[in-house]
Amino acid sequence: MATLLVFPMPESPSWLLTKGKEERARQVLRYFRGLPKKDVDIVPEFEAELSHMREVAETSRTTSASESLMQMIHRPEVYKPVLLMTTFFGLQQGCGVVVIIVYAVQIAQQAGVTIDPVLVAVMLGVARITTTFFMSGIFEKWGRKPAGIFSASGMGACMLLLACGAWFPESVGTWHWLPVACIVAHIVFSTMGMLTLPFFMISEVFPQRARGSASGIAVFFGMILAFIMLKIYPNMQAALGTANLFAFYAFISFLAAGFIGTCVPETKGRTLEELEERWQTGKFARRLTVNNLKDVELHEVFLKK
């Protein structure tokens, strides 16, 4: 089903411009902006945005032709976001987000749930699907950093409560509703940021000329680490014990919250040029304003017909 849904999706205007397909890029951009397919009217904001994207694509095409991947990776606007996103993916997997999904039944049993563990796994799936519907709106309303911090902190709190249930069976452990609530809440919190945010941001932090290779490196690292975490989970559970393993996931989650708060830049409303400048100088030199019509690479613009 996912494969079939990919076919009607148009290529991005930026990519089309880098390939010299300007007319197709114009049509796709008009579609994304809700304008008629035919240029029956002139919209200054649209023309300014297309002109800006054309300039960025030309610069990207010129740079890509003169530099290899190894040369580009030495540039701060490339290697810094690569390190950032590989660390982000590492923390994503280290906090057990994929482990909880895959080993849901076993973890539910180890946490002491009083209902059918298979039903818990079904509840996790429903929670993931339901939360996913709101993700785009959450990222756009809250921003990337607040959503990520909230998500990681919530995940850490859920894992810590599960650990406390095993550490203190005569007090916290008597709350029979706690394991199910914590496991389901953990999935909700993870979907609100840690599970989805790294994949969301890889299209924003990398320069256009290196986006394909750089995002591939980051995702490759994340998937390899996901495989490792899934394979070693039974060994970690046997070596640390259930409660201590939950505490380990809580520690990594709180560490991820701190990492997002201190190292991950807020990309909402930022252009690629501003982000590149941030990687080169360590700070944003200026903020995007509504009146700055040229800076629209990452700033969503809605135009009236």
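Because the model is predicted, local features need pLDDT of at least 70 and side-chain atom pairs count only at pLDDT 80 or more, whereas totals for chains, interfaces and linings use all residues. Residues are numbered from 1 along each chain as its sequence is written, and side-chain values use heavy atoms, with hydrogens and water left out.

**Overall architecture**

- The protein chain has 16 helices and 0 strands, where helices (H or I, at least four residues) and strands (E, at least two) are DSSP runs numbered from the N terminus.
- Of the 305 residues in the protein chain, 47% count as buried; buried means under 20% relative accessible area, exposed means over 50%, and partly exposed lies in between, with a 1.4 Å probe and protein chains only.
- The accessible surface of the protein chain comes to about 15600 Å², and 66% of that surface belongs to carbon and sulfur atoms; the areas come from the Shrake-Rupley method with a 1.4 Å probe, and for residues only the protein chains shown count as cover.
- Among contacts between residues at least 6 apart in sequence, 74% join residues at least 24 apart, a contact being heavy atoms within 4.5 Å.

**Salt bridges**

- A search of the whole structure finds 4 salt bridges, each defined as a side-chain nitrogen of Lys or Arg within 4 Å of a carboxyl oxygen of Asp or Glu.
- One of them joins Glu22 to Arg54, with the closest N and O atoms 2.9 Å apart; the pair links distant parts of the chain, since Glu22 is in helix α3 (residues 22–32) and Arg54 is in helix α4 (residues 44–66), 32 residues apart.
- Glu22 is partly exposed because its relative accessible area is 36%, and Arg54, at 29% relative accessibility, also counts as partly exposed.
- Glu47 forms a salt bridge with Arg26, the closest N and O atoms being 3.0 Å apart, and this pair again links helix α4, which holds Glu47, with helix α3, which holds Arg26, across 21 residues.
- At 23% relative accessibility Glu47 counts as partly exposed, whereas Arg26, at 15%, counts as buried.
- Arg144 forms a salt bridge with Glu204, with 2.5 Å between the closest N and O atoms; Arg144 is in helix α11 (residues 144–167) and Glu204 in helix α13 (residues 197–205), 60 residues apart.
- Both Arg144 and Glu204 are buried.

**Aromatic rings**

- The whole structure contains 7 aromatic pairs; rings of Phe, Tyr and Trp (its six-membered ring) pair if their centres lie within 6.5 Å, and planes under 30 degrees apart count as stacked, over 60 as edge-to-face and the rest as tilted.
- Tyr103 and Tyr233 form a tilted pair, at 4.6 Å centre to centre and 35° between the planes.
- This pair links distant parts of the chain, with Tyr103 in the loop between α7 (97–102) and α8 and Tyr233 in helix α14 (residues 211–240), 130 residues apart; Tyr103 and Tyr233 are both buried.
- The rings of Trp142 and Phe150 have their centres 5.4 Å apart and their planes at 90°, so the pair is edge-to-face.
- Trp142 is partly exposed, with a relative accessible area of 38%, and Phe150 is partly exposed, with a relative accessible area of 38%.
- Trp142, Phe150 and Phe189 form one aromatic cluster.
- Arg30 lies over the face of Phe46, at 5.3 Å from the ring centre; a charge sits over a ring if NZ of Lys or CZ of Arg is within 6 Å of the ring centre and within 35 degrees of the ring normal.

**The surroundings of Gln93**

- Gln93 is found in helix α6 (residues 76–94) and counts as buried because its relative accessibility is 2%.
- Leaving aside neighbours within four places in sequence, Gln93 is in contact with Val98, Gly222, Leu225, Ala226 and Met229.
- Gln93 and Phe227 are 134 residues apart in sequence, yet their C-alpha atoms are 9.2 Å apart in space.

**A nonpolar surface patch**

- Ile115, Val118, Leu119, Val122, Met123 and Val126 make a nonpolar surface patch of about 470 Å²; patches are made of residues with over 30% relative accessible area and no salt bridge, like charges being joined within 9 Å and nonpolar side chains (Val, Leu, Ile, Met, Phe, Trp, Tyr) within 5 Å.
- Ile115 is in the loop between α8 (104–111) and α9 (117–132), and at 32% relative accessibility Ile115 counts as partly exposed.
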